[in-house]
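Please look through this model with me. My notes follow as numbered points.

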Amino acid sequence: MSFFGKLKDRLLKSSSKLEEGLDAIVEEAPAPEPLPAPTPDPQSAPVPSDAPAPKPGFLARALGRSDAPRRILDDAMLESLEELLIQSDMGVETSITVAAALAEGRFGKRLSTQEIKDALAEEISKIIEPVARPMPLYPRKPQVVLVVGVNGSGKTTTIGKLASQFRAAGKTVVIAAGDTFRAAAVEQLQVWGERAGVPVMTAPHGSDPASLAYDAMVKAEADGADLLMIDTAGRLQNRADLMEELAKIVRVIRKKDPDAPHNTLLVLDASTGQNAIGQVETFRKIADVTGLVMTKLDGTAKGGVLVSLADRFGLPIHAIGVGENIEDLQPFDPDEFARALTGADA
């Protein structure tokens with residue numbers, strides 16, 4: 001199955017919810033009054049009752065007449081669309097923006113559910129297209145990539161997948177297991193390191209993660225590594241002590257290289273919905289986030305938050321994840337995502 005197919009399949013709940021809502025909105029319209037029956041021509045021959053119904057002519061097909069229900073796009077319909085987008089976790093401001101853009105050039109026209117889905121996908125793609133950028137690579141060695149996020153967002157798995165992909169692209173990579181208080185995270189990184197042929201630096205349980213980060217920079221520089229990827233412990237954005245620990249890691253890294261970290265990736269769990277907004281705001285203040293990776297787009301109805309993030313912050317979205325396998329983390333394609341989210345055809 002292609003990545004688009006898998007993305008659409010995993011976003012089934014989101015697209016189904018949108019589609020069901022759109023169907024309901026279109027069907028809310030009052031049925032048009034039937035046209036008066038034509039006066040029979042006495043000269044015309046009677047049509048046998050068992051004769052097949054004539055097919056619509058070219059003009060009728062060109063005008064888009066079909067059995068699909070349609071509704072005039074008016075103020076009431078726009079309000080219903082805004083509510084539906086908000087329910088899809090796109091946020092109030094972004095939902096209003098998308099609905100207003102959809103109305104441009106379409107207001108007063110009769111639209112089917114499929115036409116609305118295509119139009120929504122088009123307008124959503126316009127919002128997220130500017131932020132769909134791969135993580136930049138620099139000639140400086142080592143390029144330090146700090147990976148942050150809340151508990152359970154998928155940081156460790158994301159690091160393993162990215163390291164494996166960079167290694168396959170010919171880059172030399174070192175991983176620092178900075179989550180020194182969680183043995184499972186260290187073990188998971190070691191498994192990924194073995195799989196990708198990438199060394200993983202560790203420290204004794206409970207060690208200072210800032211010290212490990214510094215030592216890893218020294219080793220990566222000595223080894224001539226292209227990339228150093230530093231894992232960090234998951235931390236809630238409302239825990240001041242844990243956020244201070246992250247700030248310390250950044251300060252210590254900058255003692256070795258004032259320009260580091262060169263990339264700070266915030267990994268977000270799609271199922272958190274609008275809570276992702278607060279995470280971005282807090283982590284940007286502490287760690288100067290440069291880009292986002294969104295994981296677990298696995299059928300939740302909250303994929304719309306990614307559109308809200310793009311509209312609100314404009315931070316690059318480097319990759320999205322829809323599963324556990326390495327190929328399930330892919331560069332962010334705005335058109336594919338918009339069509340998968342809305343259930344529009346590829």
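1. Start at Ile116. Beyond its neighbours within four places in sequence, Ile116 is in contact with Leu22, Val26, Met77, Leu81, Leu102 and Leu111. Contact here means heavy atoms within 4.5 Å. This is a predicted model: local features need pLDDT of at least 70, side-chain atom pairs count only at pLDDT 80 or more, and totals for chains, interfaces and linings use all residues. Residues are numbered from 1 along each chain as its sequence is written, and side-chain values use heavy atoms, with hydrogens and water left out.

2. Ile116 belongs to the largest nonpolar core, which has 74 residues. A nonpolar core is a set of buried Ala, Val, Leu, Ile, Met, Phe, Trp, Tyr and Cys residues joined through side-chain atoms within 4.5 Å. Buried means under 20% relative accessible area, exposed means over 50%, and partly exposed lies in between (1.4 Å probe, protein chains only). The members that touch the most others are Ile116, Ile128, Leu228, Leu292, Met294, Leu309 and Phe337. Helix H6 (residues 113-128) gives the most to this core, with 7 residues. Helices (H or I, at least four residues) and strands (E, at least two) are DSSP runs, numbered from the N terminus. Another core, of 21 residues, lies apart from it; Val198, Leu227, Met229 and Ala319 are among its members. In soluble globular proteins, nonpolar side chains tend to be buried together.

3. Lys117 sits in helix H6. Is Lys117 buried or exposed? Lys117 counts as buried, because its relative accessibility is 4%. Not counting residues up to four places away in sequence, Lys117 touches Glu19, Leu22, Thr342, Gly343 and Ala344.

4. Now the sheet. It is open, has 8 strands and mixed pairing, and runs in the order E5-E4-E6-E3-E7-E8-E9-E10. Two strands pair if DSSP finds at least two bridges between them. The edge strands are E5 (200-201) and E10, each pairing on one side only. Strands of a sheet pair through backbone hydrogen bonds, either parallel or antiparallel.

5. Strand E7 (residues 263-269) runs parallel to E8, with 5 bridges joining them. Asp269 has Thr295 as its bridge partner in E8. Strand E8 (residues 291-295) is also parallel to E9, through 3 bridges. There, Met294 is partnered by Ile320 of E9. E9 and strand E10 (residues 329-331) then pair in the antiparallel sense over 3 bridges. Ala319 has Pro331 of E10 as its bridge partner.

6. How many residues of strand E9 (residues 317-321) are buried? The count is 5 of its 5 residues, so the strand is mostly covered by the definition of buried.

7. Ala340 lies in helix H13 (residues 334-342). Ala340 counts as buried because its relative accessibility is 0%. Ala340 and Gly303 are 37 residues apart in sequence, yet 9.7 Å apart in space, C-alpha to C-alpha. Asn325 is in the loop between E9 and E10. At 42% relative accessibility, Asn325 counts as partly exposed. Asn325 and Lys161 are 164 residues apart in sequence and 8.2 Å apart in space, C-alpha to C-alpha.

8. Check the backbone geometry. Most residues other than glycine have a negative phi, and most peptide bonds are trans. The peptide bond from Lys141 to Pro142 is cis, with omega near -10°. Pro142 is in the loop between H6 and strand E3 (143-148). A cis peptide bond also joins Ala260 and Pro261, with omega about -10°. Pro261 lies in the loop between helix H10 (240-256) and E7.

9. Two positive phi values sit in residues other than glycine. Asp288 has phi near 50°, and Lys296 has phi near 60°. Asp288 is in the loop between helix H11 (275-287) and E8. Lys296 is in the loop between E8 and helix H12 (305-313). Asp288 is partly exposed, with a relative accessible area of 40%. Lys296 is partly exposed as well, at 33%.
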